[in-house]
Structure formats: C-alpha cells, structure tokens
Amino acid sequence: MAALVSVAAASMPSVVASGTCSDFSDLREIKKQLLRIAGLSRERGLQHSGKWASELAFSLAPLPLSELPPPPPITEEDAQDLDAYTLAKAYFDVKEYDRAAHFLRGCKSQKAYFLYMYSRYLSGEKKKDDETVDSLGPLEKGQVKNEALRELRVELSKKHQARELDGFGLYLYGVVLRKLDLVKEAIDVFVEATHILPLHWGAWLELCNLITDKEMLKFLSLPDTWMKEFFLAHIYTELQLIEEALQKYQSLIDVGFSKSTYIISQIAVAYHNIRDIDKALSIFNELRKQDPYRIENMDTFSNLLYVRSMKPELSYLAHNLCEIDKYRVETCCVIGNYYSLRSQHEKAALYFQRALKLNPRYLGAWTLMGHEYMEMKNTSAAIQAYRHAIEVNKRDYRAWYGLGQTYEILKMPFYCLYYYRRAHQLRPNDSRMLVALGECYEKLNQLVEAKKCYWRAYAVGDVEKMALVKLAKLHEQLTESEQAAQCYIKYIQDIYSCGEIVEHLEVSTAFRYLAQYYFKCKLWDEASACAQKCCSFNDTREEGKALLRQILQLRNQGETSTTEISAPFFLPASLSANNTPTRRVSPLNLSSVTP
C-alpha cells in the first residue's frame, strides 16, 4: 500500500502531503487545504464534495492575501488537453454528459481522464433514472441498470493495476464497484483513495455507506489525518453510536469549527436519532437562523415537527422551502410530511413519489412512503417501499421496523419476528423495538422470551410507557399475581412521577387489578385506595364502587386486615395515606439479557 500511495500521490503534490496530519493546531493550514480541495473537486464536477469543503472553510477565519493558496500547477498533459477539457466541462455543467465524454476521448491528463470517465458514468445513471421515472410505481431491484458500469469497471481496473489512478480516479472506481455490488472490493479501493487523497470528503462518505457495524470499522486501515475525525463522527451517527458521535462533534467545535453549519446540522440529526426531540428542534431552529436558505436535513427537521404535531410550523417550513426550491428531494419530503400530518395520505404519498423521481436512492422518501401506504392499508406497496429503503441502506432501522409492522398486520408473526429482530440489532436500546419483539413472542406463545423483551424495554427507558403493562398482563395470564401486582404498581408510580396528564387507558386497568389483588390479600386500606382511584375512570367506576361496598361490608362485620400475608409493596404517598416505602423487586432478574 505504501508504494502505491507514493506513486499515485505524485500527481497531487500539495494537497496530499498537507492532508496527512491529524493535528488541529494550525487552522490556517487546514483552511488552505480545504480551499485547495474545493477547487480540485469543482474542476472534476464533484459538486457536493466541493460544497462540503467550501462550507467547512467558510466556518474558519479568513486568510490574508499573502497566505491564499496558489492555483494547482499545470502539467504538460494538462496544457495539451486544456481546450478539450474546457469545452467538455462546459457541456458537463449543463448535464450533456455524452457530449462531454465525446470531446474528452483520448485525453491523457489525470483531470481530463477523470472527467471523461465520470461523464460516462453519469450518462449511464441519468438514463437509468429516466427509465425508472417513466415506469409507474416502485420497481423491483435490478430491473433497470446502468449499462455503462461493466465497461467502466474493466477500463478502471486496468488503470488501477497499472497504478495510474489518482485519488479522484480511485474514488470513481470505488463508486463503480459499489454500484456493481462488489462491496469488499469497493471498500478496499475507497480506503486506498483516502490514503492517496485524504481531503476528498466524497471517498470518506462512500466508505461510510458501506460500513455496517463497529467491528467492521476496527479492521479498516485509515490514514492518520484530521479528516478521519469528521469521518468517525459521521459513521458513529450512522451506526446509532450517538454518544460517541456527539463527543467527536463537540471536540471538533472546541478546536475551532464552532461556526460550521455542517457540524451543527449533524448534531441536530444525532439528537433526532436518540429521540431527544426538544434538543433537536432547538438546534434546527438555531441552524435556520444562521443559514435560512439551507435545504439539507430539513426533511429530518420536518420529521420532528411531525412527531410533535406542530402543524403551523410544518406548514411554514413547507412554504418556505417551496419558495427556495420546490424541486428538491427534501422539499418534497417536507410537503409530504405536512399532508401526512393533515391525514391526507394520498397527497403525502404523491409527494414522496415525486421525491423519488428526483432521486430514486433517497432513503428517507422510501421509508416515509412505506409509512403512508401503511396508513392507506396498502400493505403490499408498503412492503415494496420498505424493501427499497433497505436496498439503499441496510442500517435503516425504520424500514426493518416498518416491515415488521406490515407482516404483523398480515398476521405472519414469524416474518415480523425476523424484521423486528433486525430493527432491534440496529437499535438495541430502543424500547419500541423491544416491545414489538415481546408482542411477537407472545403471539408465538414464547412467553419466557416475551417477558425478557418487556423487562428489557422497561430497563432501557420505556418511551411509550407500555412495557410494564404488557409484562403485568403476561404475569396475570400465567396467574403470577404477585409479579403482576409489582409491575402494575411500578407502572402507576412511573406515570404519576412523570407529572403527565393520565390519559393512559391502562391506568384504570392497573388500579382495577391492584384493588382486586389487595382485596384478596385482605389489605383493606390499600384495596380501598385503589378502588377509589377506579371510580375516577369511566370504564372501572362501577367495579370500584362495588368493591368499596364489599370492603365496607366486611369491615362492618368485624373482618380485619390480615397481618399474615404481606403485599409486595404499597401505593406511593401521593395516592395513599400509607407512607410505607416501596420495596422495589424486579419481576425477573433479566436486566442483562438482550433478546
């Protein structure tokens, strides 16, 4: 590898050598590197990499005139190809890719050769996308292909073996391999590209899309460069290792990138991923003030507004993005979310389809379209949409979870168990996945596994406050009355300690069970307190009154509370006059078990 790096690095003298330092102490040098790579990326038509480098450079202090980086040196081959390159770049910029490639045929310089191959690649992609758009509805995988890929692979492979590819050429070779599903080869080539041209963000990003877990990351031989820190922060976010990602981003802010809108948006996405909605909303609102015409990540912002049912804010965001650019994928997703919030699911699906016509590989739109088809009870279309999302990114837990839900509707528990398990592997500490798994196991009559799932869901922080109720009902079903009572009392304590308005239907169920349980234990005070609570709910009012009458009758007959049978614990002080502290006993010692 070292010999290969030294040979190919010769064509990128200044930018390669300067990108191999992992130190952030010289921010001026980093700014120079970013300005250089932004220019080199734009020359080759790599607009997104150029934009990323430019945005990052903008967040650093301006350079004095004397320190501005000089233009890259022109070789003899560059001079010979200059006319053809200038003409072809003009055609490339207006998306006439075949025309650009025609005039670049036979060019020898690295820059012109890259543009020639990249034009051919983009021409094939454009034709493929046009065919996809012309078709109605989602397509099965492999039905439409980029016909140019195999030819490009053969040509780039020869150049690669001859060690004639520079960092950009290796990046394109990696993209072609990925498109042909040659993942292992693609990873090796992208790693090579990061060694030769560490400042090219596109290669890091492509590598990020191919890494499926942290173990895979450990075995990569990555260059020791400051760009690696940005890559690690990004991959941690993608792998749902949010704590590590936030630490990385905080350290990048501390070294001098505090004004970077890219870092701010990534932090907001990280908080979105761990469902810290208030924090994520706050950061997105701040980002909008700093960069009001930004469209990237605004679909994620709209997801948060949707979850909070913030209709006026979502409407404003949709109108605002429409004014900026109504034919952007993110804009279509925001409008789709707005219509979904208004329960206009057909219109919402239409906008997600429009987003996919603009970019068939846009992950968020496939997942959201799956949700809309679910709302419309079109399970077969929902399954297709979720499968497409997984094809785009196998790490998308929402798609796996969505597939589980569709098969649950179709009453196919073995299928939904498989998909929920995949979702759980991606989000091991998400209680929703664990509760869904528990319900699956319950339907399959694997009650021990179901108990483990519900208890684990409670242990990791139950978002929907339903795990304990489901666990209690399971114990109730198995006539394990003491454990059921423990779960119900803990559930009630949790609901009241949150200070929430008690709208949970299960609260009345919990009080009814506890009233009957304490009644059987002849603990009249506790039974009476729970029965009185039952009277506050419409569905348990009559039972509560009947139980109170029974308790009163037994007390009048001289029946006293038993001292022989001890209840597992008593009601919290806020609900009962009895101030006995709660004895916290776990229903099952399964806190360390992951299903």
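Predicted model: local features only at pLDDT ≥ 70, side-chain atom pairs only at ≥ 80, totals over all residues.
I would like to start at one glycine: just after α26, Gly-461 takes a positive phi of about 100 degrees. Residues are numbered from 1 along each chain as its sequence is written, and side-chain values use heavy atoms, with hydrogens and water left out.

Helix α26 itself, residues 447-459, has 13 residues and reaches 18 Å from its first C-alpha to its last, close to the 18 Å expected at 1.5 Å a residue, where the expected span is 1.5 Å times one less than the number of residues. Helices here are DSSP runs of H or I with at least four residues, numbered from the N terminus.

How enclosed is α26 by the rest of the structure? Ten of its 13 residues are buried, so α26 is largely enclosed; buried means under 20% relative accessible area, with a 1.4 Å probe and protein chains only. Among them are Leu-447, Lys-451, Lys-452, Trp-455 and Arg-456. The buried residues of α26 pack against α25 (431-443), α27 (467-477) and α28 (481-497).

Turning to the whole protein, there are 31 helices and zero strands, and of the 595 residues 52% count as buried. Among contacts (heavy atoms within 4.5 Å) between residues at least 6 apart in sequence, 60% join residues at least 24 apart.

Key: Helix = DSSP H or I, 4+ residues; strand = E, 2+ residues; numbered from the N terminus. Buried < 20%, exposed > 50% of the residue type's maximum accessible area, 1.4 Å probe, protein only.
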